[in-house]
Amino acid sequence: MPASRPLRADARRNREALLSAARRAFLGGDTDAHVEDIARSAGVAVGTLYRHFETREALIEEVYRKEVDDLCAAPADLLDRHPPDEALRRFLLLLVDHAAVGKGMSIALESIMATDSPVFDDARTRMEHALTRLLDAGGAAGTVRDDVTGSTLLRALGGICRMRATEGWLDEARQITALLLDGLSHRAPERPEPQDVRRGPGS
């Protein structure tokens, strides 16, 4: 629906019900859920579903985008309620949980990976910005080292989350995240001033 035409209250409720029903289906392992089943679970007609989402892939994409929206809205609230280093810790754990959500949706998401959808690039960029905001706040407070970028930290987390096909990966991912946090809580070591090799002994 065009952004210039706000949804009526009933249409907005229908859209939210469809997204919730699709999320439950995909995260519950029903990756082959048909649009008819999703519409029935949401309590609307199939025609209503197609008025909001032209294809099943569009619905899947919007479910994922909403997950990212909720995730990337978290740093502002976390920084309001916690010191920057604690806000960063909590957000990194949220990112690990987001990877767990991605695991549940992975098969459904495969249907849009072969398209030209920008949803994954957009998600990565927004997560990098969210991490950068938290790192900058921690650096300004002097509790987080200031030589690590949001994109670098996201790549490190990506390496952790690629383990998610293994048994017990979530507990291990949280342990490794704790190690990352321990490293981030220390400033980069100061580099010694270079000596002037032109100066002779005793000079």
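Predicted model: local features only at pLDDT ≥ 70, side-chain atom pairs only at ≥ 80, totals over all residues.
Q: How many helices and strands does the chain have?
A: The chain has 9 helices and 0 strands; helices (H or I, at least four residues) and strands (E, at least two) are DSSP runs, numbered from the N terminus.

Q: Why is Ala-130 called buried?
A: Buried means under 20% relative accessible area, exposed over 50%, and partly exposed in between (1.4 Å probe, protein chains only). Ala-130 has 7% relative accessibility and therefore counts as buried. Ala-130 lies in helix H7. Buried residues make up 35% of the 203 residues in the chain.

Q: Which residues does Ala-130 contact, leaving aside its neighbours within four places in sequence?
A: Ala-130 is then in contact with Pro-75 and Phe-91, where contact means heavy atoms within 4.5 Å.

Q: What makes H5 roughly parallel to H7?
A: Helix H5 (residues 74-81) and helix H7 (residues 119-141) pack at an angle of about 20°, with their axes 9 Å apart. Axes are lines fitted to C-alpha atoms, for helices over the stretch in contact, and angles run from 0 to 180 degrees between N-to-C directions. Angles under 35 degrees count as roughly parallel, over 145 as roughly antiparallel, 65 to 115 as roughly perpendicular and the rest as oblique. H5 is therefore roughly parallel to H7.

Q: Which residues of H5 and H7 meet?
A: Pro-75, Ala-76 and Leu-79 of H5 meet Ala-130, Arg-133, Leu-134 and Ala-137 of H7.

Q: Why is H7 called roughly perpendicular to H8?
A: The axes of H7 and helix H8 (residues 150-161) cross at roughly 115° and come within 8 Å. H7 is therefore roughly perpendicular to H8. On the H7 side the contact includes Arg-124, Met-127 and Leu-131, and on the H8 side Gly-150 and Leu-153 are among the residues.

Notes:
Residues numbered from 1 in each chain as written. Heavy atoms only, no water.
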